[in-house]
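Open your viewer and get ready to select residues by number. This tour goes stop by stop.

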Amino acid sequence: MILITTPTGAIGSQVLRSLLDEAPARGEALRVVVRDPAKLPEEVRGRVDVVTGSHGDAAVLDRALDGVEAVFWVVPPDPAAASLDEAYSGFTRPAAKAFATHGVRRVVGVSSVGRGTPVAGRAGLVTASLAMDDLIAGSGVAYRALACATFTDNLLRQAGPIRERGVFSDTVPADRPEATVATADIAAAAVRLLLDREWSGTGEVPVLGPEELTADERARILSEVLGRAVRYEPVSLEDYAAGFAARGVPEAFATGMVDMMRARNEGLDAAVSRTDANVFVGGTTFREWCEGVLRGVVSGA
């Protein structure tokens with residue numbers, strides 16, 4: 001039995017779809033834990049065991065983990081949490097206890113690159129995510145943290161400005177190459193580990209995309225794929241922070257996002273290269289992602 005958390009989320013839904021195709025042939029049954037089962041596609045509901053509730057709730061976990069051998073673990077974003085520690089480790093603490101109680105053997109979690117860098121301790125959401133990894137690893141379960149680069153799919157949040165003004169923004173310099181990774185590739189890495197019963201111990205698997213591009217290079221590719229001029233506008237960290245304040249985002253989450261972006265500009269991603277033996281390199285290029293995902297969103301298709 002494999003348990004999938006956040007089965008309607010950006011990564012969890014893709015993990016679920018892949019496992020629905022691959023798990024039966026491997027003798028694996030599937031269970032999901034979800035707050036609202038109605039959000040699961042109807043054709044999925046009949047093929048998985050569904051537990052209703054939050055996977056941060058100890059009582060829900062007691063039902064969800066019964067008979068489970070492997071878990072796909074994602075902490076859902078909670079901007080309203082009192083602190084980042086509460087949002088990540090606080091949410092995960094009941095599960096860390098329950099994994100041992102129920103004899104779960106393997107857990108695969110979504111985390112971030114950055115461990116071992118000088119900025120890892122002051123990287124906001126990333127720092128909190130790494131602490132969550134340590135909490136799970138200390139529970140006694142075999143654990144692999146998917147240490148992901150920046151999600152390519154984050155650009156979907158700017159579909160409106162791209163459509164309306166031909167502009168996307170970030171806090172990185174326009175000419176600095178940066179690794180990103182598509183959520184489809186993160187899901188593929190998770191599925192590979194969830195179906196592999198041979199690994200043990202704890203550690204991380206860095207998950208990178210197949211290329212590093214500057215923001216200006218991304219703008220050129222976007223222009224070609226969309227058939228219209230798209231340009232990159234860098235924003236300062238001060239303006240980035242002001243945007244959160246203007247939208248009324250709670251201080252703990254807003255500060256965590258700003259700290260993460262600052263750390264990103266100071267070398268958060270520098271600890272990993274594609275030549276490292278344990279790196280999972282996804283196959284989705286930025287152009288392929290724009291053609292297969294972003295173009296339809298921007299066009300409204």
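Which residue forms a salt bridge with Arg287? Select Glu224: the closest N and O atoms of the two are 2.5 Å apart. Keep in mind that this model is predicted. Arg287 sits in helix H11 (residues 286–299) and Glu224 in helix H8 (residues 215–226), so the pair links parts of the chain 63 residues apart. Arg287 is partly exposed, with a relative accessible area of 30%. Glu224 is partly exposed as well, at 45%.

Select Glu178 and Arg264. They form a salt bridge too, with the closest N and O atoms 2.5 Å apart. Glu178 lies in strand E9 and Arg264 in helix H10, so this pair ties together parts 86 residues apart in sequence. Are these residues buried or exposed? Glu178 is buried, at 5% relative accessibility. Arg264 is buried at 7%. The cut-off for buried is under 20%.

**Stay in helix H10**

Select Asp259 and Arg262. Their side chains meet in a salt bridge of 3.0 Å, N to O. They are three residues apart in helix H10, so about one helical turn separates them. Asp259 is partly exposed at 24%, and Arg262 is partly exposed at 32%.

How many salt bridges does the structure hold? There are 16. For a network of them, select Glu28, Glu69, Arg105, Arg106 and Arg197.

**Back to strand E9**

Show the strands E7, E9 and E11. They form an open sheet in that order, with mixed pairing. The edges are E7 (150–151) and E11 (212–213), each pairing on one side only. E7 and E9 (residues 178–181) run in the parallel sense over two bridges. Select Phe151, then its bridge partner in E9, Val181.

**Into the core**

In soluble globular proteins, nonpolar side chains tend to be buried together. Here, the largest nonpolar core has 44 residues. Leu65, Val71, Trp73, Phe99, Val107 and Ile136 have the most contacts inside it. Several elements each supply at least two of its residues, including helix H4 (84–101) and strand E6 (142–148). A second, separate core has 42 residues, among them Val191 and Leu193.

Zoom in on Leu65. Beyond its neighbours within four places in sequence, Leu65 contacts residues including Leu3, Val71 and Phe99.

**Last stop: Ser54**

Select Ser54, in the loop between strand E3 (49–52) and H3. Ser54 counts as buried because its relative accessibility is 15%. Its side chain makes a polar contact of 3.3 Å with the side chain of Arg35.

Notes. Residues numbered from 1 in each chain as written. Predicted model: local features only at pLDDT ≥ 70, side-chain atom pairs only at ≥ 80, totals over all residues. Heavy atoms only, no water. Core = buried A, V, L, I, M, F, W, Y, C linked by side-chain atoms within 4.5 Å. Buried < 20%, exposed > 50% of the residue type's maximum accessible area, 1.4 Å probe, protein only. Helix = DSSP H or I, 4+ residues; strand = E, 2+ residues; numbered from the N terminus. Contact = heavy atoms within 4.5 Å. Pairing = 2+ DSSP bridges. Polar contact = N/O pair within 3.5 Å; in protein donor to acceptor, adjacent residues only side chain to side chain. Salt bridge = Lys/Arg side-chain N within 4 Å of Asp/Glu carboxyl O.
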